[in-house]
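Please open the model in your viewer and keep the selection panel at hand. The tour goes from a sheet to the nonpolar cores and then to the chain as a whole.

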Amino acid sequence: MLLPTFAFDASELPEAERFPAFAAHVANSRATRPTDSGPFLAEVRCWMMDPLLISEHRLGAFSFERDAAMVRSTPADHYQLVVVLDGTLRFPRPGGDLLVEAGGASLTDLTRPETMHASPNRGIQIQIARWFLDEALAPVDVHGPLPRTPAVKVLVDFVTALTTQLPEMPLTSALPMARVIRDLLANALSGMPPRPGPADGHV
C-alpha cells in the first residue's frame with residue numbers, strides 16, 4: 001500500500017473559480033492575490049505521512065495572512081515548513097522585508113501571526129504537528145525565513161529528493177521518513193534562542 005495522496009488542479013475549473021477554490025483550501029488563514037494578474041495557477045499534490053502532511057505545488061502570485069484575531073479564533077497546533085524551488089517568498093518585518101529565494105526555506109509557527117507574499121512559485125510545503133517537532137527540540141524563537149546554513153541546505157536537499165520518491169513510497173515508510181525530516185529540521189534549528197513566552201510579548 002502506498003502513501004495516501006490527493007491532488008488539486010485549478011486548471012480543471014473555470015477561470016473565475018480558480019483562486020477562490022485555492023483560497024478555500026488554505027486553512028486557518030486569509031489568502032489574496034494581485035488584481036488583474038490573469039488566470040490563477042494552482043497545481044498541488046499532497047501525501048499523508050502522519051504526523052506530517054507534505055505537498056508539492058506550482059502556484060501563481062498570492063499573499064497569505066494570519067493575523068492575531070485569526071490565531072485566537074482558529075487554533076492551529078503545528079508548524080509549516082516551506083522549501084522554495086523557484087520564485088520568492090517575502091515576509092514583511094519592521095526592519096525591512098525578509099526574502100526566501102530558490103534553494104531556501106521558511107518555518108512558520110501557526111500559533112503566531114504571519115504575513116507572506118509569494119511570487120509565482122514552485123515548492124514543497126510540510127505541515128508538522130507541534131508535538132512531533134517538540135519531541136526532538138525544545139521550542140525555539142524561529143518564525144519566517146531560515147538562515148542559509150549547511151544544516152538547512154541538507155534539510156532542503158533531502159526534502160527535495162524525497163518528494164520525487166513519494167508517489168512510489170510504501171505506507172510503512174511514512175513514520176521513519178517523517179522522523180528523518182523532523183530530526184534534520186531539529187538539527188537545523190539547534191542553537192537558536194528559546195521561544196519567549198506570552199509574557200515576553202509574543203502571541
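Begin by selecting the five strands that form an open sheet in the order 2-5-10-7-8, with antiparallel pairing; strands here are DSSP runs of E with at least two residues, helices are runs of H or I with at least four residues, both numbered from the N terminus, and two strands pair if DSSP finds at least two bridges between them. At the edges stand strand 2 (30–32) and strand 8 (98–100), each with a single partner strand, so one side of each is left without a neighbour in the sheet. Neighbouring strands of this sheet are turned against each other by 20 degrees on average, direction ignored, where axes are lines fitted to C-alpha atoms and angles run from 0 to 180 degrees between N-to-C directions.

The model is predicted, so that local features need pLDDT of at least 70 and side-chain atom pairs count only at pLDDT 80 or more, while totals for chains, interfaces and linings use all residues. Residues are numbered from 1 along each chain as its sequence is written, and side-chain values use heavy atoms, with hydrogens and water left out.

Next, select residues 62–66 and 114–118, which are strand 5 and strand 10, running antiparallel and joined by five bridges. Within this pair, Glu65 has Thr115 of strand 10 as its bridge partner.

Now turn to the largest nonpolar core, which has 36 residues, and select those with the most contacts inside it: Leu81, Ile126, Ile128, Leu146, Leu185 and Leu189. A nonpolar core is a set of buried Ala, Val, Leu, Ile, Met, Phe, Trp, Tyr and Cys residues joined through side-chain atoms within 4.5 Å, and buried means under 20% relative accessible area with a 1.4 Å probe, protein chains only. Among the elements that each supply at least two residues of this core are strand 6 (78–86), strand 11 (121–129) and helix 5 (174–189), and helix 5 gives the largest share, eight residues.

Centre on Leu189: leaving aside neighbours within four places in sequence, Leu189 is in contact (heavy atoms within 4.5 Å) with Leu107, Leu133, Leu137, Val140, Val142 and Leu146.

Finally, zoom out to the whole chain, which has five helices and twelve strands. Its C-alpha atoms fill a box of roughly 45 × 45 × 30 Å, taken along the principal axes. Buried residues make up 42% of the 203 residues.

Definitions and conventions:
Buried < 20%, exposed > 50% of the residue type's maximum accessible area, 1.4 Å probe, protein only.
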